[in-house]
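Please look over the points below with the structure open beside you.

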Amino acid sequence: MLSKVISSTLIGIDGFKIVVEVDISQGLPAFDIVGLPDSAVKESKDRVRTAIKNSNIDMPVKRVTINLAPANIKKEGPAFDLPIAVGILACIEAIKENSFNDIMIIGELSLDGSVKSVNGILPMVCTGKDIGIKKFIVPYDNIEEAGLVSDVEIIGIKTLIELINYLNGKNKIEPVNINIDNLLKSDTLNNEFDFLDVKGQENVKRALEIAAAGMHNIIMVGPPGSGKTMMAKRIPSILPDMSFNESIEITKIYSVSGILKNKNSLVIKRPFRAPHHTISKSAMVGGGRVPKPGEVSLSHNGVLFLDELPEFNRSVLEELRQPLEDGIVNISRVNGSMSFPANLMLVAAMNPCPCGFYGYSDKCTCSQNTISKYLGKISGPLLDRIDIQVEASAVNYEDLGVKGKSESSKDIKERVILAQKVQIERYKNDGIYFNSQLTAGLIEKYCELGEAERQILKGVFDRLNLSARAYHKILKIARTIADLEQSKNIGVTHIAEAVQLRNLDRKFMF
Ligand SMILES: Nc1ncnc2c1ncn2[C@@H]1O[C@H](COP(=O)(O)OP(=O)(O)O)[C@@H](O)[C@H]1O
Ligand SMILES: [Mg+2]
């Protein structure tokens, strides 16, 4: 007796259809799973056997062979438990034949027969829908997530017995119905962090607004306690709300990583990730035997905050160069390469020296040598990908006391949204969205300067001895500043302000 059940596995952050073939034949009792299963899949047989027994059904004392087709794809995780159980039960006629044709079945089994949630339901259902599947049976705890996919029928299952009765037509289960508009509306603007709380630091706030407007990477340098961490946390609150597609993209990544909280199945807040500086390479960019997304992908469409930048392992920082350049991470493994999206805004913060006070107070006790070594830990190529550098000096006592003077995130966000609209419209035929993505060729096209502006820039260059790299960055930033003012041309004031946002080049000898 042979039966076939449709299921799915994950490749990167995409689902991939797998057919679970179950054969039960005469012979010595055995239970084999073939078709490149990983250890979690192999252990499936013990869970399935016990779950069936505890659902008061006798496991056949025969030779059971499971094939996961196609055989050349590695299968991982426990999500095949449920389709395997269904296949076996169909073979012994505990489940009606043909009752599960064209249904994708996904789920992990507990020994007592209850169905447990699995990672990656959203991408698996998305792919299923793309290849024409209309109905999905998933763990009850995953229905909020599966329900994000529209125009398909989602059935949530709590136990194996419930599923058997359902497929045999003995009980009815209503398909899930999720109101996506409600999900999108709920608590979007309810940011726990608001720029309203940040006193003083007007220059840093302005730099962050410019960074957000052009999606420029930014580094803040300043003594401890000047509010660098505090301000970084507030950046998502001034970025535009995510579109539904952006939300789905990041929800898929969270789903595969297993960090999705079920009740808020759709991620609607822009990610803000702040990994500790002891982080490993694979945790940062993704990896593992079966590659999983790293921090750069978990901050896709949002902010990756690297606090105390020089403390990070240099080789980990080097790994960031490619994703920052391409907006995507490629990971190669023996059985093929995989890519994860990684379109993010990098925000870094650092003290100017190990003690933190160099250049800001005579409290600094570091020698010139220690300081150079500290700054030298950040490589030129990484700094190359950071457009804006800003100093966060200590806050004045007077500023701290002032009540209600700061601008709220909501007001800043409105300006950012307008500036981004201008860019998206301008670059609609160039394959980019924001000024930070301008290439040298496009800079020439879109950042033209008048005579006065050119003179100013030349003066700055001669005086400060800037590099060609700084030249392009200043133009890009000036373009964003002009966009914030809805100005078509880049003016002298825009150039002047842009130059200010590169002044650490000199002060700290980067
Ligand atoms: N500009 C500011 N306005 C209000 N509070 C501030 C400001 N700067 C610092 N603080 C207070 O000091 C604390 C420490 O700031 P933090 O962001 O950790 O500094 P840093 O990261 O620069 O060392 C903050 O949690 C906040 O309570
Ligand atoms: Mg800090």
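1. In this predicted model, the centres of domain 1 and domain 2, taken over C-alpha atoms, are separated by 41 Å. Domain 1 covers residues 2-178, domain 2 covers 195-428, and domain 3 covers 438-510.

2. Domain 1 and domain 2 touch: 16 residues from domain 1 and 19 residues from domain 2 take part in the contact. On the domain 1 side, β1 (2-11), α4 (121-130) and α5 (143-146) each contribute at least two residues. The most come from α4, which gives 3 residues. By type, the side of domain 1 that touches domain 2 has 7 nonpolar, 3 polar and 6 charged residues.

3. Find V176 next. V176 sits in the loop between α6 (160-167) and α7 (180-185). Is V176 buried or exposed? V176 is buried, because 20 other C-beta atoms lie within 10 Å, and the cut-off for buried is 20 or more. Leaving out residues up to four places away in sequence, V176 is in contact with I143, A146, G147, I154 and G156. G459 is 283 residues from V176 along the chain, and the C-alpha atoms of the two are 66 Å apart.

4. Now turn to the sheet. In what order do the 5 strands of the open sheet run? The order is β11-β14-β17-β10-β18, and the pairing is parallel. At the edges are β11 (272-273) and β18, each of which pairs on one side only. Helix α8 (residues 202-214) packs on this sheet and touches β10 and β18; the direction of α8 makes about 165° with that of β18.

5. Two of the strand pairs can be checked by eye. Strand β14 (residues 303-306) pairs with strand β17 (residues 345-350) in the parallel sense, over 4 bridges, and F305 stands opposite V347 in β17. Strand β10 (residues 218-221) pairs with β18 in the parallel sense, also over 4 bridges. Here I219 stands opposite Q389 in β18.

6. The last point is the ligand. Which residues are closest to ligand 1? They are K199, G227, K228, T229 and M230, out of 13 residues that surround ligand 1. The shell around ligand 1 is made up of 4 nonpolar, 7 polar and 2 charged residues.

Definitions and conventions
Residues numbered from 1 in each chain as written. Chains lettered and ligands numbered in written order. Predicted model: local features only at pLDDT ≥ 70, side-chain atom pairs only at ≥ 80, totals over all residues. Near = placed C-beta within 6 Å. Nonpolar A, V, L, I, M, F, W, Y, C, P; charged D, E, K, R; others polar. Pairing = 2+ DSSP bridges. Contact = placed C-beta atoms within 7 Å. Axes fitted to C-alpha atoms, helices over the stretch in contact; angles between N-to-C directions. Buried ≥ 20, exposed ≤ 12 C-beta atoms within 10 Å, placed from the backbone. Domains from an automatic or database assignment.
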